[in-house]
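Here are a few exercises to work through with the model open. Try each one yourself before you read the solution.

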Amino acid sequence: MTEGIGARVLRKEDKRFLMGKGRYTDDIVEPNQAYAAFVRSPYAHAEVKSIDASAAEGMDGVVAVLNGEQLTGDGIGNIICGWAVTQKDGSGMNMGAWSALATNKVRYVGDAVAVVIADSIEQARNAAEAVEVDYKILPAVAQSVDALASGAPEIHENAPGNVVFDWEIGELAPTDAALEGAAHITEMEITNNRLAPNPMEPRSAIATFNAAEDHYTLYTTSQNPHVARLVLSAFYQVAPEHKLRVIAPDVGGGFGSKIYIYPEEITCLWASMKTNRSVKWTSDRTEAFLTDAHGRDHVSTAKIGFDKDHKIVGLKVNTKANLGAYMSLFSSAVPTYLYATLLSGQYNISNIYCDVQAVYTNTVPVDAYRGAGRPEACYLLERIMETAARELGVSPAELRRKNFVTSFPHETPVIMTYDSGDFATNQEQAMTAADFDGFEARRAEAASRGKLRGIGFSNYIEACGIAPSAAVGSLGAGVGLWESAEVRVNPVGTIEVLTGSHSHGQGHETTFTQVVAERFGLPTENIQIVHGDTDKVQFGMGTYGSRSGAVGMSAIFKALDKVEAKAKKIAAHVLEASEDDIVIEGGEVKVAGTDKTMGWHEVGLAAYTGHNLPEGMEPGLKETSFYDPTNFTFPAGCYICEVEVDPDTGVTDIIQFVASDDFGTIINPMIVEGQVHGGIAQGIGQAMLENVVYDDDAQQLSASYMDYAMPRADDLPNYSVHHASTECPGNPLGMKGCGEAGAIGSPPAVINAITDAIGNNDLSMPATPSKVWAALQAASAKQAAE
Amino acid sequence: MYETKYHKASSVADAVSLIGKSDDGKLLSGGQTLVPTMKARLAAPSDLVDVSGIADMHGVSISGSTVTIGAATTHADVAGNADLQAKCGGVACLAAGIGDPAVRHKGTIGGSIANNDPAADYPAAMLALGATIKTNAREIAADDFFVGMFETALEDDEVIVSVSFDAPAKAAYAKFPNPASRYAMVGVFAAQTADGARVAVTGAGSDGVYRQSDMEAALDGDWSPDVLSGVQVGSEGLLSDIHGDATYRANLVKVMARRAVAGCA
Ligand SMILES: Cc1cc2nc3c(=O)[nH]c(=O)nc-3n(C[C@H](O)[C@H](O)[C@H](O)COP(=O)(O)OP(=O)(O)OC[C@H]3O[C@@H](n4cnc5c(N)ncnc54)[C@H](O)[C@@H]3O)c2cc1C
């Protein structure tokens, strides 16, 4: 079986991408299409006194200028947050209203107050500039810590002190007591820098209202078109679900930012009805910086205690999470259930307490971005572990090993139940691959050239495949988190799989196909994956949280079980054998131990002709499954980064980056390696390059590639990627998930390596040359003083 | 982008006349600065007068010790010119380090110095080499040409035709790229010219490119990287931004100057 599970099958989708035949939302052109340009606030915080559209309305090509009063007047609902978090005191979140077009107040630079619909994009943009908005500028605040300070400007009336919620997990008193009795305490302030997601394809939408059928079609850049349809109809009242079709065609990357339903999609749908035109909007790169949900932005203090044998006795964390100006769809879940629940890491820790203040600021809304909460947890824990090892004067590898969880299932004090893993093996594999033992010699050699070498670890664990619906429901999720699949065998034996997962770079058309090929011994070219269209696919929760393997493929697996069972019944009937004796392999359906056989396609034909089926069996061969997992899955691993710093300039070169991951079963190693490479590239981006910077007026200073440093090929090393897997007991394929691990695990490894090289733990991300140089100066000043 | 009228100039005289007749026209050369600015709707010229097709404004020519580069010569053509590589490798090398291949095959030396971005590379070379900037109307010494951030001595509608300089005994450019834009965060061009050592710094000065006279004095005494270790570089007058403060830039000025001198051929 060269195309089944475990094979390096080349990506089926690449043919159309390499031929330039990908079909993205902006490629779609509807007859009579008009263009939307948004009038956006140039101020971070202001009252909207009046909007004068008269000049714009008279301009060439302008179809309509629409505003928030009209939008709300038509009954379009406010944008929701899909996860209700309960505060420490039992109360609900202090959520402020978010209208797709702001009415009386704008709360971040880029907040839209009106939209121009015109015949051409240039006409729309010209007219948008001619819309006169009278703003009364209010003081603004960009940083969570400043927004919490007394006297800070109030962003939403119903969020006093700008606190969206104050939440906790774990037990405070026992944690304090454990830390009190600790033999050693390490304390750190740790910030997790704010990132802009930057998918290669910007967001885009084209909405068409069909007045004759009272029906809407929306093409959009979505990771989860069914969720988009559900939210657009149930909450925003754009149209009832059966009158709304959402299609997410080829999507060029999402990284979380395309999970959410943004003001622009809502506005395009509504504007299409208002104007009776198809309405298209495609973000430009500046709009992307100004409006795509950002990621991370945590400011934390952490305290970890060890006993005299260097066993961890307790961990206490406080985190201030910047949620931006409005609550985005999953914004509340990210700094809570996706973050603090991972603070136990790979370690046996009996006492953990974490509290989180989620804060409104005059910035772009913050939501899930590749890793979503887990990178923040991993970064915090792995930096403090490495720092503790340095303070204790022990090997960071040894300190971790001493504290590893070694038996499963393992319940942490922060409500996770780890189901499997072998952390020591991953660590050993990474250390061998990195030639850890040879490091001191390499450090000395580098020193002889005037360079500073450092090495850093990161032992990450994360939670994927989010998660049993009942469990997430009890924690406040507004949706269930299962996945669906339909497997359709055609009369000629070829197969279509309709999946609720959505591929926007993950290679589902390849890996999902391999699972089907494996089952029936069919060539992958006989199998087609269908996704991304609510009119074709039954339903689906979409792709995020590395869930498409563990949840999406499990649904396919379950549907295949049903197809296989029916196919066997049909074959047993036709071949006059017992069902139990039927085996399917190599595209043949056989009676074991005989030469009786029929081709897979003959079973399909038999199913659809219906001429000779078992008594009472319905014709056809098509089965559906809705799969709800029993637990999260827990990918884990060990990353080692080795760097060389130029002390003259602070420039850091990554000499090697080694990954040893436990992803459970691997369907296609090539695709998994690609995911790891991309994830690490993003992690290195966060660690060394990327940063959203706001000034005191909450204006973004980094809203273009002139100032926002994306990782480029020459910033990145060759990766050394390894696997040591334990099977996941929670799903039929034994898969854990690999989409985010690289981005989760890599930042602390990089920073631990740089801080090792420069001998100063006080370094924040991104570790740019200027910051590394300054930290080096600080370290040598300190040394000189001592 | 706002609407604009495009004209292709056939000669320098044609360009001068076209730009003179326009309402609020702009010269267009490689378009690598002007076009992105227009796309971002930050510039709205009524007319574009494209000089990139003017034959007289193209190419590198060397006569005796004088090097002349046409204003519309692309960075790639400068980088790849074998005679220039032999005569003044520092300039070829500088051009090879600008932007990416697409930028180098469109962007031109004339556009670069006319724009005088405080982080652009060419201004450092022109100033350090004591180049002469020849326009349709006059000749301007580099020392007088670069006036400040995005400011030059050019009059409205004045067209740069070429730049020329005497090949130095030694010259090299050391650039520390901005991590995001890869323009110069600090770039130092050091040249041993007939008039002595000249050291020009780009990327660092809050007033654009400038000469580092303390370093020039030190190098006049002893042309070696080590002599620069004794030169104090203060942070006053240097840029601070999200990529690095003035103190860091001051350090980079020193480090890049040493590297430039060490790399001199
Ligand atoms: C992605 C990218 C990366 C870049 N990286 C770098 C870098 O690392 N270092 C660097 O130095 N530059 C960099 N640049 C800028 C590049 O070098 C430009 O080519 C240059 O700054 C402008 O030259 P141009 O020929 O493109 O001029 P244009 O964009 O056509 O014009 C620029 C300005 O000069 C005027 N002008 C043009 N020609 C003349 C003339 N003959 N006489 C008078 N005025 C004239 C125009 O009216 C305009 O105001 C980069 C640009 C891009 C897009």
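**Exercise 1.** Work out how many residues of domain 1 of chain A are in contact with domain 3 of chain A, and which elements they come from.

Start with the count: 16 residues of domain 1 of chain A touch 14 residues of domain 3 of chain A (contact means C-beta atoms, placed from the backbone, within 7 Å; domain bounds come from an automatic or database domain assignment). Next, the elements: helix 7 (225–234) and strand 11 (244–247) of chain A each give two or more residues to the domain 1 side. Helices (H or I, at least four residues) and strands (E, at least two) are DSSP runs, numbered from the N terminus. Helix 7 of chain A has the largest share, 4 residues. Sorted by class, that side has 8 nonpolar, 5 polar and 3 charged residues (Ala, Val, Leu, Ile, Met, Phe, Trp, Tyr, Cys and Pro are nonpolar, Asp, Glu, Lys and Arg charged, the others, Gly among them, polar).

Keep in mind that this is a predicted model: local features need pLDDT of at least 70, side-chain atom pairs count only at pLDDT 80 or more, and totals for chains, interfaces and linings use all residues. Residues are numbered from 1 along each chain as its sequence is written, with chains lettered from A and ligands numbered from 1 in the order in which they are written.

Notes. Contact = placed C-beta atoms within 7 Å.
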